[in-house]
Each structure stands twice: as structure tokens, then as C-alpha cells.
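Hi there,

Here is the structure I promised to pass on.

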Amino acid sequence: CPEPEEDRGVLALLRTAATVDDDELDRELRLAPHLVKSELQLGAPIRVLPAGRLSTHYLDRLDDLGVPLWHLMVGPNPLELVIARVKEELTPDAIFLDCRTGLSGLSASALFHSADIVACFVPVSKQSLDGLEIFFKP
């Protein structure tokens, strides 16, 4: 997939979902400008929502999301709003979320609050095994 333009991708969608008033959400939370169609030919189209273009601007905007507080929100959090929009507009058979390495606020939200099924791929190292012990605790 090509690199996304600045202010395009999941981060921009999450920021919109987090900052727009509920009455404007339907109009403002639009997937089309952020979607990229994969060039893979597997029978059905594969559509990708890239995280965004990695830059200092991207990292600053990621910090501004306030992800560690999402679990305290009343109603759906921004990630849940974006996933609901994907389900509504694209009616996919499956949605795959690729989260950054480690347990960050966003990956924890995806793992523990949004996912129906989790497939976790980790390298074998002492650090990752220590992290898995925390990950698998009930």
C-alpha cells in the first residue's frame, strides 16, 4: 500500500471521533478519504486504513488522543466509533487491527475492550515472555 498523506488514516479518524460533537459525527467521520485498496488479488477487495504517516506531527497528535482514559468514558470510545463506522460503511467479513508492539494504551483498548478474538504474535525473548505473563493473567 502507498504511504498515506499527512492527516490521513486511523489516527485522523480517531481524532475526529474524539473531538466532534455527536450530532456532527455522521457527517464528519468519513472513511473514504482514508481508505487504501490493497493491490493483493485474493478474490474479494482488501481495504486498508493505515495508521497515518509517521512523523513528529503524527506522534504529537497520537499523544493528544488521551487513550489511557478511554475506558472511563460513558458511551463508545473513539476506537469503538471508528470500528462501528467501518462495519456500517464497508460491511466487512472481518476487521483486523494491527497494534504497535508492546502494551500501549491503544493496543490495550483494542485487546481488552474492542476485540472479539485476539491473535497475538510475539518474538521469543525474555522481555516478550515477561510481558505475556501480564497479558494472560485473568
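Below is what I found, from the overall fold to the confidence scores.

This is a predicted model, in which local features need pLDDT of at least 70 and side-chain atom pairs count only at pLDDT 80 or more, while totals for chains, interfaces and linings use all residues. Residues are numbered from 1 along each chain as its sequence is written, and side-chain values use heavy atoms, with hydrogens and water left out.

The protein chain has six helices and two strands (DSSP runs numbered from the N terminus: H or I of at least four residues for helices, E of at least two for strands). Along the sequence they come in the order α-α-β-β-α-α-α-α. The radius of gyration is 16 Å, close to the 14 Å that the globule rule gives for 138 residues, so the chain is as compact as a globular protein of that length. Here the radius is taken over C-alpha atoms, and the rule is 2.2 Å times the number of residues to the power 0.38.

Of the 138 residues, 30% count as buried (under 20% relative accessible area, with a 1.4 Å probe and protein chains only). Taking contacts (heavy atoms within 4.5 Å) between residues at least 6 apart in sequence, 61% join residues at least 24 apart.

As for confidence, pLDDT is the predictor's score for each residue, from 0 to 100. The chain averages 81, and 92% of the residues score at least 70.

Best wishes

Note on methods:
Buried < 20%, exposed > 50% of the residue type's maximum accessible area, 1.4 Å probe, protein only.
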